[in-house]
Amino acid sequence: MSRKPPQPRGVWATVWKNFFKSLGIARGPSGTVVGKDQFGTKYWEIPSVDNKRASRWFEAVEKDKFDQEIPVEWEAWLRGRRKVPPTEDEIRKNNAIQQNAIRKAKELEEQDAAKRPMNIEPKREPEKKSFPEYKDYEER
């Protein structure tokens, strides 16, 4: 029976071991690519093990831009609100519904603006003074 040589046990040995590991191969995400959205963002997943929640994340195209848009369907998948990632057809259908709603809202706004009379000025309230004036407390 062969035995492994003893591993060094110490803080500095652990630090050096981890340091040399980090210099090794450039590691990428260890999951699988599940999909890609219209902006080019990739979505990754590590499936759940032992009834734990699946690990999901995304890799943005522009890594320095933190206010990037994420489609609603992908955000729901990332947060675990849906089990199956969205399909391109589903996203296209939802975008068409959204564009139709925006178009209808503009039409309603134009109709409402056409019904309103144009020459009515809004009421102006009289200027309010910053402090109340009381005759009883005035100096003479």
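Strand β2 (residues 42-46) pairs with β3 in the antiparallel sense, over five bridges. Two strands count as paired if DSSP finds at least two bridges between them. Helices (H or I, at least four residues) and strands (E, at least two) are DSSP runs, numbered from the N terminus. The model is a predicted one: local features need pLDDT of at least 70, side-chain atom pairs count only at pLDDT 80 or more, and totals for chains, interfaces and linings use all residues. Residue numbers start from 1 along each chain as its sequence is written, and side-chain values use heavy atoms, with hydrogens and water left out.

**Sheet**

The protein has three helices and three strands. Read from the N terminus, its elements follow the order α-β-β-β-α-α. The three strands form an open sheet in the order β1-β2-β3, with antiparallel pairing. Its edge strands, each pairing on one side only, are β1 (32-36) and β3 (55-59). From one strand to the next the twist averages 30°, where axes are lines fitted to C-alpha atoms, for helices over the stretch in contact, and angles run from 0 to 180 degrees between N-to-C directions.

Strands of a sheet pair through backbone hydrogen bonds, either parallel or antiparallel. Here β1 and β2 run antiparallel and are joined by four bridges. Thr32 has Glu45 in β2 as its bridge partner, and Val33 stands opposite Trp44 in β2. The two strands β1 and β2 form a hairpin with five residues between them. In the turn, Gly40 has a positive phi of about 100°. On the β3 side, Lys42 has Glu59 as its bridge partner.

**Salt bridges**

Glu59 also takes part in a salt bridge, with Lys63. A salt bridge is a side-chain nitrogen of Lys or Arg within 4 Å of a carboxyl oxygen of Asp or Glu. The structure holds seven of these salt bridges, including the following.

| Side chains | N to O distance |
|---|---|
| Glu59 and Lys63 | 4.0 Å |
| Arg92 and Glu88 | 3.7 Å |
| Asp89 and Arg92 | 3.0 Å |

Glu59 counts as partly exposed because its relative accessibility is 29%. Lys63 counts as exposed because its value is 55%.

Glu88, Asp89 and Arg92 are linked in a network of salt bridges. Arg92 and Glu88 are four residues apart in helix α3 (residues 88-115), so about one helical turn separates them. Asp89 and Arg92, both in helix α3, lie three residues apart, about one turn of the helix. Arg92 and Glu88 are both exposed, and Asp89 is exposed as well.

**Core**

Of the 140 residues of the protein, 13% count as buried. A nonpolar core is a set of buried Ala, Val, Leu, Ile, Met, Phe, Trp, Tyr and Cys residues joined through side-chain atoms within 4.5 Å. The largest nonpolar core has five residues: Tyr43, Trp74, Trp77, Leu78 and Ile91. Helix α2 (residues 72-78) gives the most to this core, with three residues.

**Pocket**

The largest pocket holds about 170 Å³ of space. Pockets are found on a 1 Å grid over the protein atoms alone: a pocket is an open set of points where a 1.4 Å probe fits, with protein on both sides within 12 Å along at least five of seven lines, and lining residues have an atom within 4 Å of a point. Grid points are joined across faces, edges and corners, and a volume is the space filled by probe spheres set on the points.

The lining of the largest pocket consists of Gln38, Phe39, Glu69, Ile70, Pro71, Val72, Glu73, Ile91, Asn94, Asn95 and Gln98. Helices α2 and α3 each supply at least two residues of this lining, and α3 gives the most, with four residues. Ile91 is part of the largest nonpolar core and also lines the largest pocket.

Key
Buried < 20%, exposed > 50% of the residue type's maximum accessible area, 1.4 Å probe, protein only.
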